[in-house]
Each structure stands twice: as C-alpha cells, then as structure tokens.
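Trainee: Could we go through this model together? I should like to begin with the helices and then turn to the pocket.

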Amino acid sequence: MSKLRFSTAQEVFETFPAARQVINTAPTTEPPLTFLRSLVQAGNSKDAIGFCAFLMPRREAVWWALQSIQRMQPAGTPPDPGLKAAEAWVRDPTDETRRAALALGESGHHASLGTWVALAAGYSGGSMVTTHAIPCPPDLTAKTARIGVLTALGRVPERERDAALRNCVEACIRLLDDESGRTT
C-alpha cells in the first residue's frame with residue numbers, strides 16, 4: 001500500500017511552504033516520484049534530499065533519515081544514542097518515546113547525526129519543548145531529518161556520494177511505494 005499522499009510535486013510545496021526555502025528547483029505538476037527522480041538526474045542532491053524529507057509522513061521521514069544515515073556511516077561506528085531514541089519512537093510512536101527522543105535531541109551536540117534524527121522524531125507532534133505546551137510546526141520533522149541526512153552525505157567521501165544519494169532516494173521511494181519499507 002502506497003503512503004504517497006501527494007499527486008503532484010506542486011502539492012508538496014503548497015502543503016509545506018518552507019520547502020521553497022530549502023529546495024531551489026521550482027515545483028512542477030509532475031507526480032512527486034517523477035519530480036524526485038529528475039532532481040537526482042540533474043545532480044540536485046540537496047534538493048532531492050529535501051524533497052524526500054517533505055514528501056514523506058513524519059514517521060516515515062524519521063525512519064528514512066535513520067536508515068540513510070546508518071547506511072552512510074563507516075563500519076565500526078559506535079551506536080548513537082540519538083539514532084537509538086529515534087528508532088525507539090519509530091517502533092513505538094508514543095508520546096513517551098517521542099519526548100525521550102526530543103530530550104536527547106535537545107541535549108545532543110549539533111555535530112552528531114543522531115541529534116538531528118532524534119529532533120526529527122521529537123518534533124513529530126505534541127509539544128516541541130519539554131517544559132510547557134508549544135505545538136510542533138508540521139514541517140519541523142522534515143527540516144531536521146533533511147539536516148541530518150545532508151550532514152551525513154557531506155561526510156561521505158566524494159567518490160561515494162552519488163551512490164549514497166541514490167541509496168537515500170531509493171529508500172524514500174521504497175518507504176512510500178511498497179510494504180517492504182515498513183517501519184514496524
């Protein structure tokens with residue numbers, strides 16, 4: 001069952017006006033996955049990653065960022081508490097696991113990839129701060145997932161970046177288009 005919730009790329013930008021701030025390519029009326037593939041073919045990796053993040057529902061965006069980052073990390077990279085917290089929320093999307101991810105994201109270092117993914121999970125709903133109720137803006141998960149994936153992509157050796165980008169985009173497509181990308 002497809003989780004694709006938009007008929008055109010333009011609809012993504014209409015739903016999330018902030019996407020225009022981070023995606024430089026003008027939206028079209030093409031189907032979203034056609035638009036996404038054209039971004040990759042044109043070499044617009046930053047735009048492709050940003051579009052992926054805004055295209056997916058929040059839970060899938062967190063799962064995509066988590067998986068993309070894990071695939072780009074060198075073998076032997078120690079476990080990241082932020083990534084673990086984000087994965088816990090994806091597997092059990094309760095407010096308790098969301099708040100735990102948010103707390104790790106807020107206390108984490110911004111150079112840590114897990115911090116961004118934990119924030120993406122933490123900003124998936126409910127309050128965006130732990131001390132009082134401030135609703136999370138609907139685009140904050142996409143923004144922080146995008147930052148995490150782009151930061152990871154920037155750390156990949158240049159000769160491996162095209163393959164890493166294609167892997168990220170294909171992971172997005174799998175999560176949206178079929179049951180094999182299930183998050184549970």
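**Helices and pocket**

Mentor: At 1.5 Å a residue, the 20 residues of helix 10 should span 28 Å, and its end C-alpha atoms are 29 Å apart, which agrees. The expected span is 1.5 Å times one less than the number of residues, and helices are DSSP runs of H or I with at least four residues, numbered from the N terminus. This is a predicted model, in which local features need pLDDT of at least 70 and side-chain atom pairs count only at pLDDT 80 or more, while totals for chains, interfaces and linings use all residues. Residues are numbered from 1 along each chain as its sequence is written, and side-chain values use heavy atoms, with hydrogens and water left out.

Trainee: Which residues are buried in helix 10?

Mentor: Ala164, Leu165, Cys168, Val169, Ala171, Cys172, Ile173, Leu175 and Leu176 are buried, meaning under 20% relative accessible area with a 1.4 Å probe and protein chains only.

Trainee: And what do the buried residues of helix 10 pack against?

Mentor: They pack against helix 3 (32-41), helix 4 (45-55), helix 5 and helix 9 (140-155). Contact here means heavy atoms within 4.5 Å.

Trainee: Let us change topic. Which residues line the largest pocket?

Mentor: The lining consists of Ser68, Arg71, Met72, Arg155, Val156, Pro157, Glu160, Ala164, Asn167 and Cys168. Helix 5 (58-72) and helix 10 (158-177) are the elements that give two or more residues to this lining. The largest share, four residues, comes from helix 10.

Trainee: How do the lining residues divide into nonpolar, polar and charged?

Mentor: There are five nonpolar, two polar and three charged residues in the lining. Ala, Val, Leu, Ile, Met, Phe, Trp, Tyr, Cys and Pro count as nonpolar, Asp, Glu, Lys and Arg as charged, and the others, Gly among them, as polar.

Trainee: Now helix 7. Which of its residues are buried?

Mentor: Thr97, Arg98, Ala101, Leu102 and Gly105 are the buried residues of helix 7. They cover an arc of only 140° around the axis, which puts them on the same side of helix 7; the arc is that of the directions from the helix axis to the C-beta atoms.

Trainee: What covers them?

Mentor: The cover includes helix 6 (81-91) and helix 8 (113-122).

Trainee: Why does Arg98 count as buried?

Mentor: Arg98 counts as buried because its relative accessibility is 4%. Leaving aside neighbours within four places in sequence, Arg98 is in contact with Trp89, Ala121, Gly122, Ser124, Gly125, Gly126 and Ser127.

Terms used. Buried means under 20% relative accessible area, exposed over 50%, partly exposed in between (1.4 Å probe, protein chains only). On a 1 Å grid over the protein atoms alone, a cavity is a set of points where a 1.4 Å probe fits but cannot get out, and a pocket is an open set with protein on both sides within 12 Å along at least five of seven lines; lining residues have an atom within 4 Å of a point.
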